[in-house]
Amino acid sequence: MSIPLSIKWNGQKLTILDQQKLPHAIEYLTLEIVEDVYDAIFSLKVRGAPAIGITAAYGLAIGAKRHDTDSLEAFQQYVEKDAAYLNSSRPTAVNLGWALSRLKDKVREAKNVPQAKLLLLAEAVEIHQEDEASCRSIGEHALVLLQGQTRVMTICNAGSVATAKYGTALAPFHLGSERGRGFEVFACETRPIYQGARLTVWELQQSGVDVTLITDSMAAHTIGTKEIEAIIVGADRIAANGDTANKIGTYNLALLAAAFSIPFYVAAPVSTFDLSIEDGTAIPIEERNPEEITHTNGKPVAPLGTKVFNPAFDVTPAHLITAIITEKGIITADYQKNIFDLLGASTGKGERI
Ligand SMILES: CSC[C@@H](O)[C@@H](O)C(=O)COP(=O)(O)O
């Protein structure tokens, strides 16, 4: 039994687990240029907010190596351009822009181009290592919160493959498995592209966790009949007031948690907070290809030309969230105040609103 890793850096080469091929093929891809990294993020070969940020950071550092100039100013301009390009690969997860900003700040500190190149790479490695530590710490906090709760529901994949290791929402299950603490996890399949069925189920099986797959529309029935005791999800962007964007369907689960009077937890690292955004209405929501809904395995399931609305994320209002679990500790309402008190300006993403 082992926890799968999706991003590998060996000091020279960046390889990622192709999440589009999971669970039926385990294939690692080498990403060599910025365009490879853009494509991997855009096409969801690498996905999940922290994993996108880490991969983009390596991408920017790798891309910078090929910019051949002695002028620090020209080099900075190349890096800014590459960062803007990578940042346009997906809109909702704030970890992407956050990681790229950290690297851009490093270039501004550099005295010359060779030093800037080294600083870029070092920062990418640092972001990667920090994320693993953050996820582990989120898992520890979540285990405390989930004491006495065994049957837990989740959606999408906020797991090891969506981060450096362990995941956010799935971290307590991986850590629990290492320590003989058994959970019964119910994974929503996560239409339209099945991150729950393909990734969460596979990943938890690899780790020896008891996992049961349901379709998204079975959530209410399952909470009632299987006596689900808590719901835990990840996040792509958390506004200053605690409103949380995550995979489409998350908001439904939060409403169900309220209806059944069970706790609804969001697990996310500090890098997922965006204090420059006052509330969830300002979070950009990605809309994806209609074929994700009209087709299954390339075959049409709806009449040709059907009008489609395909938002990839929704925003759960803060008042439906019981607690937000971060690596620095657990935040509960009043979110506006408690988020700032715990994180302060440490997200680097804006001032107090
Ligand atoms: C730790 S990953 C948290 C979120 O990024 C995750 O729950 C999610 O919504 C991912 O969406 P995806 O479209 O698969 O990138």
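The notes below cover the basis of the model, the annotated residues and the strand pairing.

This is a predicted model, in which local features need pLDDT of at least 70, side-chain atom pairs count only at pLDDT 80 or more, and totals for chains, interfaces and linings use all residues. Residues are numbered from 1 along each chain as its sequence is written. UniProt positions follow the numbering used here, with shortened feature names, and annotations may be inferred rather than shown by experiment.

**Active site**
- In an unreviewed entry, UniProt lists Asp236 under "active site".
- Asp236 lies in the loop between strand S7 (230–233) and strand S8 (237–239). Helices (H or I, at least four residues) and strands (E, at least two) are DSSP runs, numbered from the N terminus.
- Asp236 counts as buried because 31 other C-beta atoms lie within 10 Å. A residue is buried if 20 or more other C-beta atoms lie within 10 Å of its own, exposed if 12 or fewer, and partly exposed in between; C-beta atoms are placed from the backbone.
- Leaving out residues up to four places away in sequence, Asp236 touches Ala49, Thr92, Ala93, Ala245, Asn246, Thr272 and Phe313. Contact means that two C-beta atoms, placed from the backbone, lie within 7 Å.

**Binding site**
- The unreviewed UniProt entry gives "binding site" for Arg47, Gly48, Ala49, Arg90, Gln195, Asn246 and Lys247.
- Gly48 sits in the loop between helix H1 (34–42) and helix H2 (49–65). Gly48 is buried, because 29 C-beta neighbours fall inside 10 Å.
- Neighbours within four places in sequence aside, Gly48 contacts Asn157, Ala158, Val161, Ala162 and Thr163.
- Gln195 belongs to helix H7 (residues 195–206). Gln195 is buried too, as 27 other C-beta atoms are within 10 Å.
- Gln195 touches Cys156, Asn157, Thr190, Thr200 and Lys247, with residues up to four places away in sequence not counted.

**Strand S15**
- In a regular strand the side chains alternate between the two faces of the sheet.
- Strand S15 (residues 323–326) is covered on both faces. Ala323 and Ile325 are buried on one side, Ile324 and Thr326 on the other.
- Strand S10 (residues 264–267) runs parallel to S15, joined by three bridges. Two strands pair if DSSP finds at least two bridges between them. Tyr265 has Ala323 of S15 as its bridge partner.
- S15 and strand S16 (residues 329–331) run antiparallel, also with three bridges. Ile325 stands opposite Ile330 of S16.
- A hairpin of two residues links S15 to S16.
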